[in-house]
Amino acid sequence: MKKILVLWTTVRSTSTAFEKMIRQRGDFLVFHEPFGLSYYNSPERRDINRYPNIELNPEYSYQKTWQKLQQNSGDRGVFVKDMAYYVSHLANKDFLSIFENTFLIRDPAKMLPSLYNEWPDFTLEEAGYAELYNVFERVRQMSGKTPVVIDSDDLVQNPELTVKAYCNAVGIPFIKESLEWEPQSRPELSNWEPSWHGYLNTTSGFKAQKQKKYVSVTENKHLQHAYEFCLPYYTKIHKYKLQ
């Protein structure tokens with residue numbers, strides 16, 4: 001079985017733009033956050049408060065989702081972008097071994113205000129930094145080597161060099177043309193609230209978003225608490241990022 005290339009990340013970290021770049025390559029079958037449906041929409045869901053009235057679907061179970069990904073990993077490459085907090089509770093050796101595990105991080109001072117803008121009641125688990133670090137450490141211990149890590153700031157400020165370094169690290173060809181795409185709505189994102197990806201639908205590449213007037217982490221107690229909790233985990237992973 002060919003290993004599945006996966007990008008574990010947190011929300012609001014330029015990850016869907018990265019996913020779009022992978023789609024643009026044309027050589028991967030791409031899955032957008034399949035375990036998010038397990039986390040929120042399956043009978044074994046981990047969160048009962050975020051979408052309390054949603055219809056639960058047994059087809060979204062963790063086991064069936066994991067098996068579906070394996071079934072698709074034939075001759076064609078498979079790429080998955082997903083949140084580490086969706087899977088941290090079951091990310092053991094058996095679960096992780098089918099993946100080529102890579103990671104995308106973002107400074108929580110930038111990520112958390114954006115998350116707060118969408119979900120002002122977000123939990124620390126939904127912020128996802130502790131869970132991302134836990135999965136990172138499990139992969140590192142399991143493989144005996146440091147997984148590939150890229151930082152959102154690098155991706156936005158220098159996309160060509162960052163994507164090229166990522167491709168070299170995971171052993172796939174760099175395709176410069178994949179760094180640009182046509183602005184359009186994304187049907188693969190229809191399971192989630194439109195506001196999460198409105199900006200992406202207007203972009204044609206990795207570009208810094210004009211800074212919205214978000215509440216800063218110093219102006220809000222919930223954000224301040226979350227920032228103080230998340231920063232150490234970000235810092236621990238950040239030191240391993242690709243240069």
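## Terms and basis

Angles between axes count as roughly parallel under 35 degrees, roughly antiparallel over 145, roughly perpendicular from 65 to 115, and oblique for the rest. The axes are lines fitted to C-alpha atoms, for helices over the stretch in contact, and the angles run from 0 to 180 degrees between N-to-C directions.

The model is predicted: local features need pLDDT of at least 70, side-chain atom pairs count only at pLDDT 80 or more, and totals for chains, interfaces and linings use all residues. Residues are numbered from 1 along each chain as its sequence is written, and side-chain values use heavy atoms, with hydrogens and water left out.

## Helix pairs

Helix H2 (residues 34–41) and helix H3 (residues 62–71) cross at roughly 170°, and their axes come within 9 Å. H2 and H3 are therefore roughly antiparallel to each other. On the H2 side, Pro34, Phe35, Ser38 and Tyr39 meet Tyr62, Thr65, Trp66 and Leu69 of H3, a contact being heavy atoms within 4.5 Å. The loop between H2 and H3 holds glutamate 55, which is exposed at a relative accessible area of 71%. Exposed means over 50% relative accessible area, buried under 20%, and partly exposed in between, with a 1.4 Å probe and protein chains only.

Helix H6 (residues 108–118) packs against helix H11 (residues 221–238) at an angle of about 140°, with axes 9 Å apart. H6 and H11 are therefore oblique to each other. Residues meeting across this pair include Leu112 and Tyr116 in H6 and Leu223 and Tyr227 in H11.

## Nonpolar cores

A nonpolar core is a set of buried Ala, Val, Leu, Ile, Met, Phe, Trp, Tyr and Cys residues joined through side-chain atoms within 4.5 Å. The largest has 45 residues, of which Trp8, Phe35, Phe95, Phe99 and Leu112 touch the most other members. Helix H8 (residues 129–143) contributes the most to this core, with 6 residues. A second, separate core has 21 residues, among them Phe18, Val170, Trp181 and Phe206.

Leaving aside residues up to four places away in sequence, phenylalanine 35 touches residues including Trp8, Asp82, Tyr86, Val87, Phe95 and Phe99.

## Whole chain

The chain has 11 helices and 5 strands, taken as DSSP runs numbered from the N terminus (helices H or I, at least four residues; strands E, at least two). Of its 243 residues, 51% are buried. Among contacts between residues at least 6 apart in sequence, 75% join residues at least 24 apart.
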